[in-house]
Amino acid sequence: MVSRSETRFIRINFITIIVTLLVILAGGIVRSTGSGMGCPDWPKCFDQYIPPTDVSQLPANYKEKYVAGRLKKNEKFARYLESMGKVALADSIRHDKSITVPEEFNPAKTWTEYLNRLAGALAGIFLLLTAIYSFAYKKTAKRIIVLSILNIFVVGYQAWLGSIVVSTNLAQWIVTVHMLLALVILAISIYTYNYAKQLHKAPSVIMYRILWLKGFLLATLVLSIVQIVMGTEVREAVDVIAKSLGDGSRSSWITKVGSVFSYHRDIAIAVVIFNAIVYKMVIDRFSGKAAPLLTVRFILGTLLIQLISGFALAYIAFPPVAQAVHILFSTLLFSLQFYLYLLVYRTSTYKQ
């Protein structure tokens, strides 16, 4: 029997997952519109809680001020990297000339980035609520409490890393780590949601072998993570090309990315094949209204949208809308695959 407090936790946890996905969508919009440096400081925006709408609201020396602030913060970050033995990386940040280039004030980009930060703050609030409500399981499932609290610390680190993304002027490798941490936050939330939902249910039992399905699902999940990392690297390469060629040459951006795009495209083919095999394995082993069946159908729909948006990016001049959709649905695909893995992992059989 699920108590009222447990039901409340499950509901809040689910909302947290949705809000986290919306934050990733907002981040995709920021990337696709080039608004990542719309706010040159953090956590405030142009040193204000509500950002300006006109350049007249800024001091005359605002460019020099925020460049100096970035350099100071980056020096601290470089020393932190040195303490971890990453001397070459620290040196590359100190000598990155792009960090010294001031950003022109653009109200549209400023407010796009500001709304992204508000979405992040909302996700933080829901993650905090999830941690508070997780104490409903203090007698039955302490791992839910531990993981929910751990997610708060991960989000705190993610927020700090977001400030480094701004201070380093969108340094490529930091953007990739920032994306991977978002997947960690999602994975923890999905795990606690599923564990809470299944806590009072007996494991599903089927007559067919599922050991191969579990292993293949795990391989598919890993492949999707690799694909997301490769996609982030493609986006980083495109950012460099876009700065050098300008928006007028948008149709030629993807052709100049090089081998990283070829790898990303080839892995996409593997992702399609692996997910098709997973679909066949699931429908062969589950029937009726089983949760794995519903989840794998959502996976196929998500994968289709992901492929369409990827095709648009590659062959229709990199449209901004497709960029945001591509980022969102790559993350949604990972989320659904991980949820399916959790569902299947709990399933038992008469014969292995």
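This is a predicted model: local features need pLDDT of at least 70, side-chain atom pairs count only at pLDDT 80 or more; totals for chains, interfaces and linings use all residues.
Residues are numbered from 1 along each chain as its sequence is written, and side-chain values use heavy atoms, with hydrogens and water left out. Local features need pLDDT of at least 70 and side-chain atom pairs count only at pLDDT 80 or more, whereas totals for chains, interfaces and linings use all residues.

The protein chain contains 10 helices and 2 strands, where helices (H or I, at least four residues) and strands (E, at least two) are DSSP runs numbered from the N terminus. The order of elements from the N terminus is α-α-α-α-α-α-β-α-α-α-α-β. With a radius of gyration of 22 Å, close to the 20 Å given by the globule rule for 352 residues, the protein chain is as compact as a globular protein of that length; the radius is taken over C-alpha atoms, and the rule is 2.2 Å times the number of residues to the power 0.38. The C-alpha trace spans about 70 × 45 × 40 Å along its principal axes. Of the 352 residues, 45% count as buried (under 20% relative accessible area, with exposed over 50% and partly exposed in between; 1.4 Å probe, protein chains only). Contacts are defined by heavy atoms within 4.5 Å; among those between residues at least 6 apart in sequence, 79% join residues at least 24 apart.

The largest nonpolar core has 34 residues, of which L213, L217, V238, I254, V257, V282 and L340 touch the most other members. Such a core is a set of buried Ala, Val, Leu, Ile, Met, Phe, Trp, Tyr and Cys residues joined through side-chain atoms within 4.5 Å. Helix 7 (211–245), helix 8 (259–285), helix 9 (291–315) and helix 10 (320–345) each supply at least two residues of this core, and the largest share, 8 residues, comes from helix 7. When residues up to four places away in sequence are not counted, L340 touches L217, V278, V282, P292, T295, V296 and I299. Another core, of 25 residues, lies apart from the largest one and includes I17, A141, I144 and L186.

Most residues other than glycine have a negative phi. F46, although not a glycine, has a positive phi of about 55°, and phi of D47 is likewise positive, near 65°. F46 is buried, with a relative accessible area of 5%, whereas D47 is partly exposed, at 43%.
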